[in-house]
Amino acid sequence: MSTNRICEMLGIRYPVIQGGMAWVADAELAAAVSNAGGLGLIAAMNSNGEQLKEQIRKAKTLTDKPFGVNLMLMSPFIEEAVQAVCEEGVGVVTTGAGNPAKYMEQLKGAGVKVICVVASVALAVMAERMGAVAVVAEGCESGGHVGDTTTMALVPQVKDAVSIPVVAAGGIADGRGMAAAFMLGAEAVQMGTRFLTAKECNVHPNYKEKVLKAKDRDTIVTGKSLGHPVRALKNRMTREFQAKEQDPATTPEELERMGAGALRRAAVEGDVKTGSCMCGQIAGLVNSEGTCEEIITGICRDAFALLGKE
Ligand code: TUI
């Protein structure tokens with residue numbers, strides 16, 4: 001298997017990073033991805049400092065391989081999460097849903113490698129200047145909080161704008177997608193939706209089943225009017241949210257209230273009708289469960305065969 005800058009800097013075997021899925025990516029998923037040779041991530045999103053430390057310690061008991069934490073910059077607990085990551089000696093973080101400028105010095109000072117998830121060339125350039133070791137160029141095919149540029153258009157433009165390695169995300173779930181990403185200049189891929197259906201993923205079974213059954217046009221982006229567009233599977237929640245969003249009488253506060261707790265409702269409680277089942281457009285291609293090891297080795301084998309690499 002050929003290696004590259006991402007594998008070398010992160011100490012991983014395969015250039016595959018797991019998406020930092022809020023309410024989904026726990027210590028067990030992160031450890032399973034890392035044990036399979038990728039980079040597993042614990043989502044800090046919903047955890048305060050103590051809860052995050054617990055997950056980090058748990059992951060350390062489940063794997064001796066490198067793993068990281070995803071910092072969701074809109075989290076109410078972001079300061080505590082950054083502190084916890086520094087104190088626990090986590091080797092790498094990915095940051096998303098904002099500009100991590102405020103936390104860069106603290107993280108770098110504690111020896112944490114920072115990989116910024118970006119949806120634009122401008123933020124990628126800023127990330128490199130701030131000392132990020134890599135960027136994840138995340139296209140709007142992704143699930144969850146999205147920008148508005150596709151992976152196909154974003155990855156090569158980010159690649160040309162920075163010298164640090166680029167990781168492609170959004171719409172990738174098999175060897176063809178990974179090979180295409182490499183042709184666009186990426187040195188690794190980040191996948192969320194593919195790992196949502198992993199055997200080791202503890203998302204509620206109702207949510208997993210909905211992703212496995214989804215077809216190509218089953219996702220929708222809502223929340224643009226609030227400034228944080230989110231891609232999720234169409235259901236009663238997205239229909240009602242969309243109707244409210246189009247109604248001029250609706251206040252932003254009303255929409256925020258509708259959105260609050262919706263991801264937890266789907267991912268933890270399994271309410272896939274009134275909850276938010278965030279997932280990417282590639283869900284239509286994801287039709288079977290598999291272990292993290294099967295997912296990672298299968299995708300890399302197919303991608304490297306297509307690319308003519310060992
Ligand atoms: O962050 C993500 N994906 C996410 S976060 C999330 S949790 C959530 N729940 C409810 C509402 C909103 C979020 C679910 N999925 N991906 C990384 C990502 N970052 N995508 C887009 C961006 C982004 C967008 C704007 C990064 C920076 C940015 O602006 C930066 C600036 O200049 O302030």
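## Cores and a ligand

Start with the inside of this predicted model. Its largest nonpolar core has 82 residues, and the ones with the most contacts inside it are V69, L71, L107, M178, F195 and Y207. Helix 14, which runs over residues 292-307, gives the largest share of this core: seven residues.

Why does this core lie between domain 1 and domain 2? Domain 1 (5-196 + 291-307) and domain 2 (205-281) both give residues to it, so the core sits between the two.

Now zoom in on M178, one of the residues with the most contacts inside that core. Leaving out residues up to four places away in sequence, M178 touches P15, V16, I172, V189, I299, C300, A303 and F304. There's also a second, separate core, made of 15 residues, and L39, L41, A134 and V136 are among them.

Next, the ligand. Which residues are the closest to it? They are A97, V117, L123, E138 and H145, out of 15 residues that surround the ligand.

| Residue | Atom on the residue | Distance to a ligand nitrogen atom |
|---|---|---|
| A97 | backbone N or O atom | 3.0 Å |
| E138 | polar side-chain atom | 2.9 Å |
| H145 | polar backbone atom | 2.9 Å |

How much of the ligand does the protein cover? On its own, the ligand has 720 Å² of accessible area, and the protein covers 72% of that.

Terms used: Residues numbered from 1 in each chain as written. Predicted model: local features only at pLDDT ≥ 70, side-chain atom pairs only at ≥ 80, totals over all residues. Heavy atoms only, no water. Core = buried A, V, L, I, M, F, W, Y, C linked by side-chain atoms within 4.5 Å. Buried < 20%, exposed > 50% of the residue type's maximum accessible area, 1.4 Å probe, protein only. Helix = DSSP H or I, 4+ residues; strand = E, 2+ residues; numbered from the N terminus. Domains from an automatic or database assignment. Contact = heavy atoms within 4.5 Å. Near = heavy atom within 4 Å. Polar contact = N/O pair within 3.5 Å; in protein donor to acceptor, adjacent residues only side chain to side chain. Areas by Shrake-Rupley, 256 points an atom, 1.4 Å probe, with all protein chains shown as cover.
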